[in-house]
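Subject: Structure for you to look at

Hello,

Here is the structure I said I would pass on. My notes on it follow below.

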Amino acid sequence: MDTFRVMRQDDNGNRFRVAEGLARDEAERVVAEFEARGHKQLYWTEPTARPTDAAGATAGRSAAAGAAATTAATTGASGTANRIVVGGALIHGGRVLAARRSAPAELAGRWEFPGGKAEPGETEPQALERELLEELGVRARALQRLPGAWLVRPGLELRLWAAELISGEPRPLEDHDELRWLGPGELADVDWIDHDRAVLPDLARLLDPPPPAA
Ligand SMILES: Nc1nc2c([nH]c(=O)n2[C@H]2C[C@H](O)[C@@H](COP(=O)(O)OP(=O)(O)OP(=O)(O)O)O2)c(=O)[nH]1
């Protein structure tokens with residue numbers, strides 16, 4: 001059976017692979033779903049046999065590191081796009097917010113950056129800002145993607161962003177039972193989920209930038 005991929009082109013002409021390995025009607029359904037959401041972007045299907053536009057694929061990867069990255073830009077071993085989980089290192093007053101998970105059992109008690117799965121068509125910043133409102137009751141703005149990406153499980157990819165608090169006092173409304181603000185010298189004080197430890201050095205630099213050269 002021929003398989004199809006769903007492609008997207010943004011306003012700058014960058015092309016991204018949204019999904020791959022779908023039957024034609026499935027691919028067309030995905031396109032219709034994205035179009036129905038009213039995004040001002042171009043979506044289409046094409047047979048998977050057609051060689052991927054190398055420049056487009058590269059643009060997808062580099063844009064994924066930038067502020068306008070949309071979700072599902074990378075593909076997993078199965079050839080379908082990974083779903084993205086966005087975690088937010090919420091920064092305020094030179095400290096970052098750590099959140100202690102209350103579930104599931106294997107993660108309960110470990111600390112993480114609050115966030116969750118991006119919905120189809122959401123950019124990573126949009127997903128993060130929505131999740132921070134749902135989980136903490138605050139308004140926040142995504143600032144920059146932190147280096148790295150981690151496969152949490154097959155098909156689910158974690159990306160972390162720095163974000164700034166705009167308004168509100170974070171409260172553990174969903175998924176967490178304790179919150180702590182940590183200064184640059186306190187980042188190792190909590191039992192982070194393993195993936196999250198990797199960004200602590202980058203985060204420390206953001207919280208405590210070196211003084212400007214004289
Ligand atoms: N949110 C978040 N998840 C993380 C982090 N580090 C890490 O390994 N994960 C893992 C834990 C989960 O197995 C997976 C998905 O995160 P999640 O539990 O927040 O997502 P969710 O299913 O609640 O998504 P949603 O329903 O809220 O959209 O990612 C992190 O810093 N933040």
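The largest nonpolar core has 30 residues, and Ala89, Val96, Trp161 and Ala163 touch the most other members. Elements that each supply at least two residues of this core are β4, β5 (95-101), α3 (124-136), β8 (139-145), β10 (156-167) and α5 (200-207). Please keep in mind that this is a predicted model.

Setting aside neighbours within four places in sequence, Ala89 is in contact with Val96, Phe113, Leu146, Leu160, Trp161, Ala162, Ala163 and Leu203. In soluble globular proteins, nonpolar side chains tend to be buried together.

On the chain as a whole: five helices and 11 strands are present, and 34% of the 214 residues are buried. Of the contacts with a separation of 6 or more, 65% are between residues 24 or more positions apart.

Next, α3. With 13 residues at 1.5 Å a residue, α3 should span 18 Å, and its end C-alpha atoms are 17 Å apart, so the two values agree. The buried residues in α3 are Glu124, Pro125, Ala127, Leu128, Glu129, Glu131, Leu132, Glu135 and Leu136. Their cover includes β4, β7, β8, β10 and β11 (176-182).

Then the ligand. It is surrounded by 14 residues, of which Gly87, Glu112, Gly115, Gly116 and Lys117 are the closest. By type, the shell holds six nonpolar, four polar and four charged residues. At least two shell residues come from each of β4 (83-92), β7 (115-117) and α4 (194-197). The largest share is that of β7, with three residues.

Last, Gly79, in the loop between α2 (54-64) and β4. Is Gly79 buried, exposed or partly exposed? Burial would take 20 or more other C-beta atoms within 10 Å, and exposure 12 or fewer. Gly79 has 14, so it counts as partly exposed. The C-alpha atoms of Gly79 and Gly155 are 9.6 Å apart, although 76 residues separate the two along the chain.

Regards

How values were computed. Residues numbered from 1 in each chain as written. Predicted model: local features only at pLDDT ≥ 70, side-chain atom pairs only at ≥ 80, totals over all residues. Near = placed C-beta within 6 Å. Helix = DSSP H or I, 4+ residues; strand = E, 2+ residues; numbered from the N terminus. Nonpolar A, V, L, I, M, F, W, Y, C, P; charged D, E, K, R; others polar. Core = buried A, V, L, I, M, F, W, Y, C linked by C-beta atoms within 7 Å. Contact = placed C-beta atoms within 7 Å. Expected span 1.5 Å × (residues − 1).
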